[in-house]
Amino acid sequence: MLAVVVPVAVAVGIYLFGTHHTPDYLNGLFGRYGTDAVDLKARLGTALLGLALVQLGLALWMYGRLPGARPAPRPVRPGHRVLGFLAFLLSLPIAYHCLTTYGIETTSARVAIHSFAGCALYGAFVAKVIVVRSRRLPGRLLPVVGGLLVLGVALLWYTAALWALDGDSVPGFPSG
């Protein structure tokens, strides 16, 4: 029960903050403002997607799901944890800037999907931590929540970083 309630509470809490916070479009990110901040977030988001894909590869390797690969050596597990922690840290300034600058917006399908996926990402992160630490929950939940995390990062990248890096357009969404 706690494994569902806490992640949902985190996602809903972020959503509520984003909907009740007054956006401040003049917020900066590491000394960059406006389109420069958006470009920086796009590049940080691309690095985050890269880390998420490495995490996916390491997880597949650890659990023997990479065809033709030898069993993962012992250092892969702590490396996976360290990279996961670094990915989480990398996501924080991006999320903070999004929430404080824009809040939760539904001005277009792309923006709404991005806003909701951002809330869900941190709920999925909390769920993964709970599943990893739990001895009671079935082990098959771990690849599910891990996969949701990678999917969430990819969706956030597609709806914002790719959009920014591709001149304010991505396939499947109108420009602008």
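**Overall fold, annotated segments and cysteines**

Buried residues account for 36% of the 176 residues in the protein, which is described here from a predicted model. The accessible surface amounts to about 10600 Å², and carbon and sulfur atoms contribute 69% of that area.

Turning to the architecture, the secondary structure consists of 5 helices and 2 strands. Read from the N terminus, these elements follow the order α-β-β-α-α-α-α. Among contacts with a separation of 6 or more, 66% join residues 24 or more positions apart.

An unreviewed UniProt entry places the feature "transmembrane region" at residues 42-61, 82-105, 111-132 and 144-165. Two of these segments are worth a walk along the chain. Residues 82-105 are 83% helix and 0% strand, with 33 Å between the end C-alpha atoms. Residues 111-132 are 100% helix and 0% strand, and here the end C-alpha atoms lie 31 Å apart.

Finally, the cysteines: a search of the whole structure returned 0 disulfides. C98 takes part in none, its nearest cysteine sulfur being that of C119, 10 Å away. Because a disulfide requires sulfur atoms within 2.5 Å, the 10 Å from the sulfur of C119 to that of C98 is too far for a bond.

Conventions: Residues numbered from 1 in each chain as written. Predicted model: local features only at pLDDT ≥ 70, side-chain atom pairs only at ≥ 80, totals over all residues. Heavy atoms only, no water. UniProt positions renumbered as here; feature names shortened; annotations may be inferred. Helix = DSSP H or I, 4+ residues; strand = E, 2+ residues; numbered from the N terminus. Buried < 20%, exposed > 50% of the residue type's maximum accessible area, 1.4 Å probe, protein only. Contact = heavy atoms within 4.5 Å. Areas by Shrake-Rupley, 256 points an atom, 1.4 Å probe, with all protein chains shown as cover.
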